[in-house]
Amino acid sequence: MAIPDPQVLRALNLAAQAKPQEQQNSQAKKPSSKTALPVGVADPEVLRAFTHLAAQAGRSSKKEDGTIKESSDGSTIEDDDVRARKQEIIKLTEQILEAIQKGDYETYTKICDPHLTCFEPEAFGNLIHGMDFHKFYFDNVARNNKARFTIVNPYVHLIGDDTAVIAYVRLTQHINSAGLPVSTQSEETRVYQRKDSRWQHIHFHRSGSPSMPNK
């Protein structure tokens, strides 16, 4: 149940204490306010409070069927369905990065659309279309390397029911050719589209370090 606005509670209290208005003659002007104020309430502060109440009720009615709700402090509250869908996108992104790390091209192609497009450091600013460019790296990098990745501060945008965008920083840790631990960073954005009831990875943009650590 929503917590009543303190200003509204004060208005209701003042209205309850107000004396009934004396009966006016037939020629008196009738109130034209659409806020349905109680008879006898003439205090300006009370009038403002009831006007605020009417406006607040209007805003609430517009949000009843939405997925994002407003809390008492003005912040937004996501419902369970929205949180679950966002978490699904994060998990899917983790699967993609794990497939890259392990050289698992089969899993990678199951998640990615055959017409995947991307901008990434390995392409030197050129737009890549399709899977052949990526397959080269899967075929020429040792499987099950010991690199470890971490997704930092992921943020998911849901655009309707069938499109999602995730932005995050990927930290990669690996051992270089000198036997020393090294960390690299890349900034990534990935776009997903729901096709045939499942998410497909359709585009990504990555800047920073290459996906495959240099030995």
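Modeller: Gladly. Let's start with pairing: two strands pair if DSSP finds at least two bridges between them. Keep in mind that this is a predicted model.

Colleague: In which sense do E3 and E8 pair, parallel or antiparallel, and over how many bridges?

Modeller: E3 and E8 run in the parallel sense, with four bridges between them. As an example, Phe-119 has His-205 as its bridge partner in E8.

Colleague: And in which sense do E3 and E4 pair, parallel or antiparallel?

Modeller: Here the sense is antiparallel, over two bridges. E4 itself spans residues 128-129.

Colleague: Let me stay with His-129. Is His-129 buried or exposed?

Modeller: The general idea is a cut-off: exposed means over 50% relative accessible area, and buried means under 20%. His-129 has 56%, so it is exposed. Its contacts, leaving aside neighbours within four places in sequence, are His-115, Leu-116 and Thr-117. For a distance, take Cys-118: 11 residues from His-129 in sequence, yet 6.8 Å away in space, C-alpha to C-alpha.

Colleague: What about Pro-114, buried or exposed?

Modeller: Pro-114 sits in strand E3, which covers residues 112-119. Its relative accessibility is 53%, so Pro-114 counts as exposed. With neighbours within four places set aside, Pro-114 is in contact with Gly-130, Met-131 and Gln-200.

Colleague: Now the E8 side. Why does His-201 count as buried?

Modeller: The same test applies, with buried meaning under 20%. His-201 has 0% relative accessibility, so it counts as buried. You will find His-201 in strand E8, residues 198-208. Not counting residues up to four places away in sequence, His-201 touches several residues, among them Ile-96, Ile-111, Cys-112, Asp-113 and Leu-116.

Colleague: Which backbone oxygen does the His-201 side chain reach?

Modeller: That of Val-191, at 3.3 Å. The cut-off for a polar contact is 3.5 Å between N or O atoms.

Methods
Residues are numbered from 1 along each chain as its sequence is written. This is a predicted model: local features need pLDDT of at least 70, side-chain atom pairs count only at pLDDT 80 or more; totals for chains, interfaces and linings use all residues. Side-chain values use heavy atoms; hydrogens and water are left out. Buried means under 20% relative accessible area, exposed over 50%, partly exposed in between (1.4 Å probe, protein chains only). Contact means heavy atoms within 4.5 Å. A polar contact is a pair of N or O atoms within 3.5 Å; within protein, one must be able to donate a hydrogen and the other to accept it, and residues adjacent in sequence count only if both atoms are side-chain atoms.
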